[in-house]
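Keep the viewer open and follow along.

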Amino acid sequence: MRTLLAATVLALTATSAAAQTELRVHYAIPTIWSETQDALAEAFMKEHPEVSIILDGPAEGYPEGVQRLLRESVAGTAPDVAYVGLNRWRILENRDLIQPLDDFLGENPETQGYTPALLSLGHYQDTQYTLATSASTLVMYVNPDLVEQAGGSMEDFPTTFDGVIELAAEIDALGDGIDGIWIDRHDWRFQSLLGSYGGLPMNSDETDITFDDEAGIAAATLYQRFAEEAGMPSYTDSDARQAFPAGTLGIMFESSSLQTRFEQGAGDNFEVTVRSLPIAAEDPSNVWFPTGGSAIVMLTEDPEKQQAAWDYISFVTGPEGQRIIVENTGYAPANAQVLEDQTYLGSYYDKDENARIAHTQVAQYAGPWYSFPGPEGVAVTDMIAAAMVDITEGADPEARVKELAQTLRMQLGMQ
């Protein structure tokens with residue numbers, strides 16, 4: 001009898017194991033994501049016991065991760081699902097390695113918390129290739145003590161670039177090693193200012209550069225105005241990231257993902273306060289902010305595994321998965337339901353108004369971090385940064401932007 005019972009249990013166990021679908025999952029940046037990935041896998045498998053999540057050894061960063069996925073695809077050993085940088089999934093799409101998600105999403109993705117702004121992060125040529133899993137945009141970090149000393153207040157903090165520059169000039173005039181404002185001369189920051197004016201780096205089919213228009217010139221001119229009107233110093237990003245928490249920089253344009261770092265650095269010296277970027281476009285519906293963070297892609301071509309992969313993708317991008325990600329990483333959620341439904345992160349946002357402001361900006365204005373096409377796409381971002389340095393140091397903004405656009409057209413083979 002015991003032998004028969006043991007055989008029956010063994011058979012049932014074998015049947016259960018055989019019925020279970022294994023999904024290999026790739027991710028990167030273990031310093032941020034290791035514990036979060038374990039928590040996501042555990043929570044998902046609790047809801048889906050028929051699926052077993054196998055986490056691959058993580059890549060050091062997103063660039064290394066994409067290169068590994070390319071090699072594994074050639075070798076036929078690619079994982080089923082992968083987390084990649086929001087500005088790098090197009091590399092995989094360009095090689096036809098990722099599966100479209102439109103059929104899985106259905107006709108009303110917005111009812112699932114995927115706003116048009118969030119969907120845009122993984123949308124290309126009328127196809128949804130990926131969904132964001134974490135997000136960050138450029139925000140203003142403010143030292144309210146310096147604002148008050150300069151005669152301003154956080155209750156009446158300016159919402160226009162003109163107002164911000166005027167306040168920054170007053171802070172800069174405090175002297176004693178105090179600086180008013182800083183922004184890095186960098187492609188992502190320039191795209192953020194461009195998006196505030198409603199401009200775009202390229203046209204929709206990526207055949208031409210478009211930032212040499214009124215919006216692009218206005219965005220680039222801000223660099224010069226920050227320097228000439230508000231005394232912006234020529235900090236490196238490392239210098240600025242030390243100066244702000246030290247209390248010697250009044251307003252800093254930086255990624256929302258650095259909030260915890262700045263708050264810890266400032267300690268009890270002052271209360272780090274976050275404000276959204278000013279909206280400069282006449283039509284706010286044209287505003288977008290390039291979004292950093294991660295996206296999740298489906299690599300498997302096996303129909304059975306695709307359904308399991310979608311179950312996993314929809315879980316980690318859904319409200320419960322996003323709650324886990326926000327609480328463990330501090331990134332903004334990539335699902336609007338988390339912001340709208342207090343049951344998920346209500347207590348979290350009640351304690352952290354800075355996070356609420358930054359995360360709401362993502363939900364409203366998230367847009368793709370444009371990756372310029374072709375083999376020179378990465379190299380031209382250095383050219384953009386160099387042009388912003390020139391403009392900061394006094395070059396004519398309109399002439400320099402038009403020259404830059406023409407150079408990029410030639411470099412990218414658009415002419």
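Val316 sits in helix H13 (residues 303-317); helices here are DSSP runs of H or I with at least four residues, strands are E runs of at least two, and both are numbered from the N terminus. With a relative accessible area of 0%, Val316 is buried, a label that means under 20% relative accessible area, while exposed means over 50% and partly exposed is in between (1.4 Å probe, protein chains only). Leaving aside neighbours within four places in sequence, Val316 is in contact with Leu40, Tyr83, Thr133, Ile296, Gly321, Gln322 and Ile325, where contact stands for heavy atoms within 4.5 Å. As for Ala358, 42 residues apart from Val316 along the chain, the two C-alpha atoms are separated by 21 Å.

A word on the ground rules: this is a predicted model, so local features need pLDDT of at least 70 and side-chain atom pairs count only at pLDDT 80 or more, whereas totals for chains, interfaces and linings use all residues. Residues are numbered from 1 along each chain as its sequence is written, and side-chain values use heavy atoms, with hydrogens and water left out.

## Two nonpolar cores

Which residues touch the most other members of the largest nonpolar core? They are Ile251 and Phe253, in a core of 71 residues. A nonpolar core here is a set of buried Ala, Val, Leu, Ile, Met, Phe, Trp, Tyr and Cys residues joined through side-chain atoms within 4.5 Å. Helix H10 (residues 214-230) supplies the largest share of this core, 8 residues. Another core, of 31 residues, lies apart from it, and its members include Ile29, Tyr114, Met298 and Ile325.

Phe253 has quite a list of partners once neighbours within four places in sequence are set aside: Leu138, Val139, Met140, Phe161, Val164, Ile181, Trp182, Ile183, Phe226 and Leu277.

## H9 against H10

Helix H9 (residues 187-196) packs on H10 at an angle of about 125 degrees, and their axes are 8 Å apart. Axes are lines fitted to C-alpha atoms, for helices over the stretch in contact, and angles run from 0 to 180 degrees between N-to-C directions. H9 and H10 are therefore oblique to each other: under 35 degrees counts as roughly parallel, over 145 as roughly antiparallel, 65 to 115 as roughly perpendicular, and the rest as oblique.

On the H9 side you'll find Arg189, Phe190, Leu193 and Leu194, which meet Ala215, Gly216, Ala219, Ala220, Leu222 and Tyr223 of H10. By type, the residues of this H9 and H10 contact split into 8 nonpolar, 1 polar and 1 charged. In that count Ala, Val, Leu, Ile, Met, Phe, Trp, Tyr, Cys and Pro are nonpolar, Asp, Glu, Lys and Arg are charged, and the others, Gly among them, are polar.

## H11 against H12

Helix H11 (residues 237-246) and H12 pack at an angle of about 50 degrees, with axes 8 Å apart. That makes H11 oblique to H12. The crossing of H11 and H12 is right-handed. H11 brings Arg241, Phe244 and Pro245 to the contact, and H12 brings Arg261, Phe262, Gly265 and Ala266. The residues of the contact of H11 with H12 come out as 4 nonpolar, 1 polar and 2 charged.

The buried residues of H11 are Ala240, Ala243, Phe244 and Pro245, and they pack against strand S7 (138-142), strand S8 (179-182), S9 and H12. Leu258 is buried at 12% relative accessible area and touches Tyr141 and Arg241, not counting residues up to four places away in sequence.

## Positive phi spots

Most residues other than glycine have a negative phi. Gln125, not a glycine, has a positive phi of about 50 degrees; Gln125 lies in the loop between strand S4 (123-124) and strand S5 (127-128), exposed at 58% relative accessible area.

Glu206 also has a positive phi, near 60 degrees, and is found in the loop between H9 and H10. Is Glu206 buried or exposed? Glu206 is buried, with a relative accessible area of 15%. Gly247, which follows H11, has a positive phi near 90 degrees.

Methods: Left-handed = near helix turned anticlockwise from the far one by under 90°.
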